[in-house]
Amino acid sequence: MTDASTDVLIVGAGPTGLTLALDLARRGAAVRIVDKSPAHPRTSRAKGPNPRSLEILADLGVVDEVLAAGSAPLPMRVYRDHRPVAETDPWADAAPTAATRFGRPWLIAQWRLEEILRARLAGHGVRVELGREVVGLVEEADGHHVDVTFAEGRAERARFVVGCDGAHSPVRKLLGITFDGTTAEDQVMVSGDVELDHEDLGRDRWHQWFDADGAVMLCPIPGTRTGWWFQAGPERDADGRPLAPTLDGFRRLFTRHTGLPGRHLTRAELLSTYRVNVRMADRYRVGRVLLAGDAAHVHAIAGGLGMNTGIQDAFNLGWKLGQVLAGQADAGLLDTYEEERLPVAAWTLDLTSDRLRATLEAIREPGGNLSSAMTPETAGLGIGYRWSSLAGTEAGTEAGTAPDAPATGPHPGNRSPGDRAPDAPCRDAATGERTHLYGTFAGPHTTVLGFGPASAAVLREVAATYGEGPGVRACRVYAADEDHGTAEPGSLIDDQGHAAAAYGFGAGGSGLVVIRPDHHVGIVAPAGDPGSVREYLRRLHGAPGMVDAVR
């Protein structure tokens with residue numbers, strides 16, 4: 001048995017596990033990440049991050065690489081009986097706003113996104129340990145660590161374990177957590193990555209053939225010359241049972257629906273059969289073991305929220321684990337992970353099931369397409385936690401009471417405690433260069449924003465109390481007409497008034513806002529109320545000089 005030098009052992013090296021590992025590694029945690037696969041997968045699977053996940057990837061320092069490796073979402077060309085009948089671009093009018101730099105999702109193969117995350121993680125000295133399957137978990141009686149047994153018989157120890165190991169999660173099963181829900185045996189799709197040499201199918205479109213007897217969808221994979229995502233209704237046997245996907249089967253489906261010779265489809269790999277599963281765990285935590293991503297919830301693919309919900313789980317959990325490991329918060333902070341993310345999963349299951357029904361109805365008619373699956377909610381920007389015990393009651397929502405729909409939709413002034421904090425364009429007070437609030441939020445810290453001269457004393461107290469370390473950052477936001485000649489480093493000028501408007505202070509208004517490390521509003525307080533800020537920061541970061549007593 002090795003000693004407990006590992007703070008967090010992450011099981012599963014998909015986007016969820018890699019996001020969590022990267023967030024923890026940059027916080028200085030001793031993190032390890034294992035995966036039972038013998039090699040890194042090359043499956044394309046999820047088609048890319050939504051706007052909220054892009055904000056997270058920006059915070060983690062990889063968004064520029066993601067944008068360069070992928071492409072904007074493509075227009076959809078829809079066919080019926082081999083002929084094009086409609087063309088639509090669901091994201092034609094999407095654009096960045098003052099509240100977010102990312103107005104639309106981004107198209108990138110999952111394997112390429114994972115490569116980017118692994119490379120950044122390696123920069124922190126952490127590499128995925130392949131071929132390592134977890135077969136046993138025991139939390140020891142001392143309550144300070146978990147003993148983990150691997151298939152090769154070796155036992156190791158970690159302070160926390162997080163299962164990011166997919167829908168069939170061994171970690172979840174070892175914990176005995178139920179995964180209730182349904183499987184729609186009649187809703188089946190076959191998919192895979194294919195090579196296609198037909199030049200008439202332009203790579204500037206997502207081609208979709210919907211016929212009375214089935215469908216084929218072909219979307220070009222960014223970064224490849226002839227690679228495409230292939231999705232289709234399956235071939236069936238004489239009794240109506242779906243057949244397993246094969247290259248020859250894909251060629252027959254391709255010919256039947258497109259009218260083009262199957263020989264143009266030259267290769268098919270990573271073939272899989274997908275059935276609609278709608279399931280979620282009843283708990284996200286058992287002692288020092290937690291679940292995230294598909295290990296905790298699975299749902300219909302409509303809206304593309306599977307990978308994105310997992311990334312957002314990880315970003316919610318990472319800072320909380322980091323605070324507990326640093327001794328700045330007790331382990332009770334981890335209870336807020338389930339408190340906040342389990343209702344989001346339930347809402348996501350309902351949303352995606354509704355979007356799937358709408359899409360299946362739409363494609364029955366000529367010209368119907370997958371755009372029915374995409375709504376403002378699927379951007380992820382409206383998801384917040386107003387019911388959380390980490391949020392105040394300013395919006396009239398009682399803390400601890402989960403609403404029916406946690407996504408309220410982004411809009412100006414949406415900054416109640418628990419909400420996603422809006423971004424806003426600003427200028428750096430020292431250099432005059434253009435920047436934005438999320439540039440200040442980025443990194444493993446809590447941010448205290450101060451609007452108006454009356455906030456200055458509280459910001460000075462925050463800076464003096466928490467120093468120059470990574471834990472808390474104080475940021476004065478000056479109005480355009482304020483004198484900022486003696487501005488502290490890192491101060492911003494709200495030269496267009498977007499920041500004050502977004503946080504409800506208006507021109508010349510004053511107040512204080514605490515922004516959690518995951519970009520959600522903690523509290524909003526009057527500028528002359530240092531007590532509220534002091535109390536909230538103590539909850540997240542402990543009293544100044546608090547010893548590392550909970551590791």
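A salt bridge is counted here when a side-chain nitrogen of Lys or Arg lies within 4 Å of a carboxyl oxygen of Asp or Glu. The model is a predicted one, in which local features need pLDDT of at least 70 and side-chain atom pairs count only at pLDDT 80 or more, while totals for chains, interfaces and linings use all residues. Residues are numbered from 1 along each chain as its sequence is written, and side-chain values use heavy atoms, with hydrogens and water left out.

By this rule there are 40 salt bridges, and one of them joins E65 to R120, whose closest N and O atoms are 3.6 Å apart. This pair links distant parts of the chain, 55 residues apart, since E65 sits in helix α3 (residues 63-69) and R120 in helix α4 (residues 110-122); helices are DSSP runs of H or I with at least four residues, numbered from the N terminus.

Further along, the axes of helix α7 (residues 306-325) and helix α8 (residues 335-362) come within 10 Å and cross at roughly 170°, an axis being a line fitted to C-alpha atoms over the stretch in contact, with angles from 0 to 180 degrees between N-to-C directions. That makes α7 roughly antiparallel to α8, the term for angles over 145 degrees. In the contact (heavy atoms within 4.5 Å), α7 contributes T309, Q312, D313, N316, L317 and K320, and α8 contributes T336, Y337, E340, R341 and T348.

Helix α7 also gives the most to the lining of the largest cavity, with three residues. A cavity is a set of points on a 1 Å grid over the protein atoms alone where a 1.4 Å probe fits but cannot get out, and lining residues have an atom within 4 Å of a point. Among the residues lining this cavity are Q312, F315, N316 and R341.

Key. Helix = DSSP H or I, 4+ residues; strand = E, 2+ residues; numbered from the N terminus. Parallel < 35°, antiparallel > 145°, perpendicular 65-115°, else oblique. 1 Å grid on protein atoms, 1.4 Å probe; cavity = no way out; pocket = protein on both sides within 12 Å on 5 of 7 lines; lining within 4 Å.
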